[in-house]
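Good morning, colleagues. I would ask you to look at the sequence and the model for a moment, and then I shall take you through several of their features.

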Amino acid sequence: MPKAPVEAPEAPQDAPEQHEGGGGTRWRRFALVAVPGFVAAGVLGAMTTQGLLAASFAVSGDSFKMSADSLVGTGFSQYGDVANSVDGSARAVGLSTVNSAELENLCMSSLWDLPIGEATLVINAGASSPVEGSNLVIDIEQLQGNAEFGAIEIGRDASTLDKAEGGQGPAGGFGLQADTITVSDMEMTTWAVSSGSLRLSGLNLAIKPGNHECF
């Protein structure tokens, strides 16, 4: 159903494509970072109470990557926020909240620069049974894939967002929300993920010498 950037990546220029029927909207090869001010910050995350992530821990200085064959979620919201690091720096973040989500064939990777050289933490799960998460909070730097939203609202005041529990932002801020979100062929760069609960079926965690990121 959430490493630290310095610059926001250039957003894809593909125009939105209306989905026929069902009231959904599909964006091909979209990036949520296309919304102004959506960068991200964080650390591969602790399981904390949803809605408290922004204030619960200082972010690290490195992003990590997540990929999945699909992400299917209900109750989605996103708005611009600020994450603070222990070095005193602050970063704009695209704080995304999902009430519940399932991810198929999930990969998470973090590239480390160690005294003996590069190494990669790689986590795989959900190959045979989806990863299940509740009250997800994700700081997104970039998200690409094929996406479909159900009953989406774009440009709503962030303080009035009500489709994701605890997913409200500052008054006057730019927000978006949807009843449902589905992303296939997902590739995400993020700085922080927290979850009220997270079930990783078929978990495989490995530290591999060299660069073995998810994408």
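Which strands each supply at least two residues of the lining of the largest cavity? In this predicted model, they are strand S3, residues 64-84, strand S4, residues 90-104, strand S7, residues 131-150, and strand S9, residues 174-194. Of these, S9 gives the most to that lining, with four residues. The volume of the largest cavity comes to about 70 Å³. Its lining is made up of 12 residues, and those nearest the centre are Leu71, Ile140, Leu143, Ile181 and Met188.

Is Ser70 buried or exposed? Its relative accessible area is 14%, and the limit for a buried residue is under 20%, so Ser70 counts as buried. Leaving aside residues up to four places away in sequence, Ser70 is in contact with Glu102, Leu103, Glu104, Val183 and Ser184.

I turn now to the disulfide. One disulfide is found when the whole structure is searched. In general terms, such a link is a covalent bond between the sulfur atoms of two cysteines. Here the partners are Cys107 and Cys214, with an S to S distance of 2.0 Å. The two cysteines belong to distant parts of the chain, 107 residues apart: Cys107 is in strand S5, residues 106-114, whereas Cys214 is in the segment after strand S11, residues 204-209. The angle about the S-S bond is -85°, and the link is left-handed. Cys107 has a relative accessible area of 11% and is therefore buried.

Finally, the backbone deserves a remark at two asparagines. What is the phi value of Asn105? Phi of Asn105 is near 55°, a positive value in a residue other than glycine. Asn105 is found in the loop between S4 and S5, and its relative accessibility of 36% makes it partly exposed. Asn135 also has a positive phi, near 50°, and is likewise a residue other than glycine. Asn135, however, sits within strand S7. With a relative accessible area of 24%, Asn135 is partly exposed.

To close, I would return to the cavity, for which S7 is one of the strands that each supply at least two lining residues. I am glad to take questions.

How values were computed: Residues are numbered from 1 along each chain as its sequence is written. This is a predicted model: local features need pLDDT of at least 70, side-chain atom pairs count only at pLDDT 80 or more; totals for chains, interfaces and linings use all residues. Side-chain values use heavy atoms; hydrogens and water are left out. On a 1 Å grid over the protein atoms alone, a cavity is a set of points where a 1.4 Å probe fits but cannot get out, and a pocket is an open set with protein on both sides within 12 Å along at least five of seven lines; lining residues have an atom within 4 Å of a point. Grid points are joined across faces, edges and corners, and a volume is the space filled by probe spheres set on the points. A disulfide is a pair of cysteine sulfur atoms within 2.5 Å. Buried means under 20% relative accessible area, exposed over 50%, partly exposed in between (1.4 Å probe, protein chains only). Contact means heavy atoms within 4.5 Å.
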